[in-house]
Amino acid sequence: MTAVDIDLRNVEIGFGGPPVLHEFNLSVPSSQTLVVLGESGSGKSTMLGAILGLIRPQRGEVEVFGERVDALSERQLHPVRARIGMVFQYGALFDSETVAENVGFRIRQQPRFDAARFEREVQEKLEFVGLAEFRDRLPGELSGGQKKRVAIARALVGDPALMLYDEPTTGLDPITARKVLEVIRRIREEFGTTSIVVTHELHYAYYIADRVILIRNGRVVFDGTPEAFRAADDPYIVEFRSMEAE
Amino acid sequence: MKRDVVDPFGAFFRNLLQETGFAMVMLGGALRSIPTRPFPLRPFIKQLEQAGVRSFSIIFLTGLFTGMVLAYQGAITLERFGGKSLIGNAITASLLKELGPVLAALMVAGRVGAGYASELGTMVVTEQVAALRAFGTDPRQFLVLPRLLALLIMLPLLTVYANAVGLFGGYLVCVYSLDFSTLYYLRSIEESMTSQDVIGGLVKSFVFAGIIATISCSVGLNARGGSEAVGRVTTRAVVISSIMVLFADFLVTRLLYVFQ
């Protein structure tokens, strides 16, 4: 039986208005690349927040690596979060820190700073994303695509078992977006990392996905392979595909 | 929403209670994180510079002009009662007990508090705070604690500086405009300066520093929305901090009076 890294059961999350996620169920096995599709505001990013323990559900259970993250305190969440790499929508790089300091942030925050490990991992991760020569730049001096790749390098420190990507290609031109997707693919191929990629860009989803889900009004309305999604004749999916093709 | 329109004060006090609660929890978390390693030394040193060194010029101007105005106003008022010779005492007492700590705090609320709120607000809306949490770092330790400690150290020092510059401003007016001798002015300051006044002023500035840092960080971390939210929280931080400084000034003055 394949190990399950993530299990969301009957999750409900709201922010005062109608629930963003409603009776939401999702199971992600190890080493799978899951692409989460949906319109803006459909609850995709909220789902990532719930997996990381940044957002607490009002109802339901969120299990990550067998731990109920919805029931853990911030401190208890540390070991779980240490196994997760998160790439935020706009990179969320720390403005006042250099690229190297951003990438090695997790290592610098250890109770005992290991300078050798810092140098080794920063160099290794920056080389992986092809930005080793940018280590001394500040985030403000990078392009959008470079910021995204630095954010990926930062998330890779500590070799996480699970990578979460929130709209990794939004706002990028097709060539830069393809470079970012290549990195995401290589992470899966070289490290066997479980990945969840939130996007609304369908053509990129086909490029990296093992599995696709489509969220509408806080619920999963499609769950299957990219091929099955391409062939689905449900009117909403057909409309979603056609909107993306335009 | 309807209830808020009908009962705007209810909504106001509800929000105030919520925000006070958030600020207190944040402050508690920041203080509890002091023993946690690693201590955020680099952000702390940076904040010492931001809050202290970069405030010198504005505090210099504030202190100088306050001292000069006090000298002129004091001279006019005291002359009516034949007490012009007490001008040094009046300047010293007004500056050390009241105007030095309060004006330095208000200036710092406008400069440093606004900076804290806008910086943290920007970090919230650009998900940098979420990234800190995702990497297992407590934003209260990494962002709030260095700012709080830096201001607790720097505002009392800035207050001493404001007092010194204010006395110098008074000296300029007294000696070069009101024809007092330097020796007379210095002696009147020496005679009227008491350790109680100095300590009282420093106690005030310490309390004000805690208020400004806590409110500004808390308001900044509560930013919701896009860039317009950053502008909103910045204004809010300055307004609330300034009002709370004036309110706390009254309370601390009352307390000091009781203890004296």
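Colleague: Hi! Which rings are linked into a cluster by ring pairs?

Modeller: Hi! Phe94(A), Phe105(A), Phe135(B) and Phe142(B) are joined into a cluster by ring pairs. Keep in mind that this is a predicted model.

Colleague: Good to know. How many aromatic pairs are there over all chains?

Modeller: The count comes to 14 aromatic pairs over all chains. Take Phe128(A) and Phe191(A): the ring centres are 5.4 Å apart and the planes meet at 40°, so this pair is tilted.

Colleague: Why does that make it tilted?

Modeller: Planes under 30 degrees apart count as stacked and those over 60 as edge-to-face, with the rest called tilted. The 40° between Phe128(A) and Phe191(A) therefore makes the pair tilted.

Colleague: And where do Phe128(A) and Phe191(A) lie?

Modeller: Phe128(A) belongs to helix H5 (residues 115-128) of chain A, and Phe191(A) to helix H7 (residues 174-191) of chain A, so the pair ties together parts that are 63 residues apart in sequence.

Colleague: Is Phe128(A) buried or exposed?

Modeller: Phe128(A) is buried, at a relative accessible area of 10%. Phe191(A) counts as partly exposed, at 44% relative accessibility.

Colleague: Can we switch to chain B? What kind of aromatic pair do Phe168(B) and Tyr171(B) form?

Modeller: Phe168(B) and Tyr171(B) form a stacked pair, 6.3 Å centre to centre with 20° between the planes. These two residues sit three apart in helix H7 (residues 139-176) of chain B, so about one helical turn separates them. Phe168(B) is partly exposed at 41% relative accessibility, while Tyr171(B) is buried at 17%.

Colleague: New topic: salt bridges! How many are there over all chains?

Modeller: The count is 30 salt bridges over all chains. One of them brings together the side chains of Glu12(A) and Arg59(A), at 3.3 Å from N to O.

Colleague: What does the pair of Glu12(A) and Arg59(A) tie together?

Modeller: Glu12(A) is in strand S1 (residues 4-13) of chain A and Arg59(A) is in strand S4 (residues 59-64) of chain A, so their pair ties together parts 47 residues apart in sequence. Glu12(A) is buried, with a relative accessible area of 14%, whereas Arg59(A) counts as exposed at 53%.

Colleague: Nice. What about Glu101(A), which residue does it form a salt bridge with?

Modeller: Glu101(A) forms a salt bridge with Arg42(B), and their closest N and O atoms are 2.9 Å apart. Since Glu101(A) is in helix H3 (residues 99-103) of chain A and Arg42(B) is in helix H3 (residues 41-51) of chain B, the pair joins two chains. Glu101(A) is buried at 18% relative accessibility, and Arg42(B) is partly exposed at 46%.

Colleague: How far apart are N and O in the salt bridge of Asp197(B) and Lys97(B)?

Modeller: That distance is 4.0 Å for Asp197(B) and Lys97(B). Asp197(B) is in helix H9 (residues 195-221) of chain B and Lys97(B) in helix H5 (residues 87-125) of chain B, 100 residues apart, and the pair links distant parts of the chain. Asp197(B) is buried at 11% relative accessibility, and Lys97(B) is partly exposed at 41%.

Colleague: Which residues are linked in a network of salt bridges?

Modeller: Asp7(A), Arg9(A), Glu61(A), Glu63(A), Arg68(A) and Asp70(A) are linked that way.

Colleague: Last one: which residue lies over the face of Phe65(A)?

Modeller: Arg83(A) does, at 4.0 Å from the ring centre of Phe65(A). In chain B, Arg147(B) lies over the face of Tyr116(B), at 5.7 Å from the ring centre.

Conventions. Residues numbered from 1 in each chain as written. Chains lettered and ligands numbered in written order. Predicted model: local features only at pLDDT ≥ 70, side-chain atom pairs only at ≥ 80, totals over all residues. Heavy atoms only, no water. Helix = DSSP H or I, 4+ residues; strand = E, 2+ residues; numbered from the N terminus. Buried < 20%, exposed > 50% of the residue type's maximum accessible area, 1.4 Å probe, protein only. Phe/Tyr/Trp six-rings, centres within 6.5 Å; stacked < 30°, edge-to-face > 60°. Lys NZ or Arg CZ within 6 Å of the ring centre and 35° of its normal.
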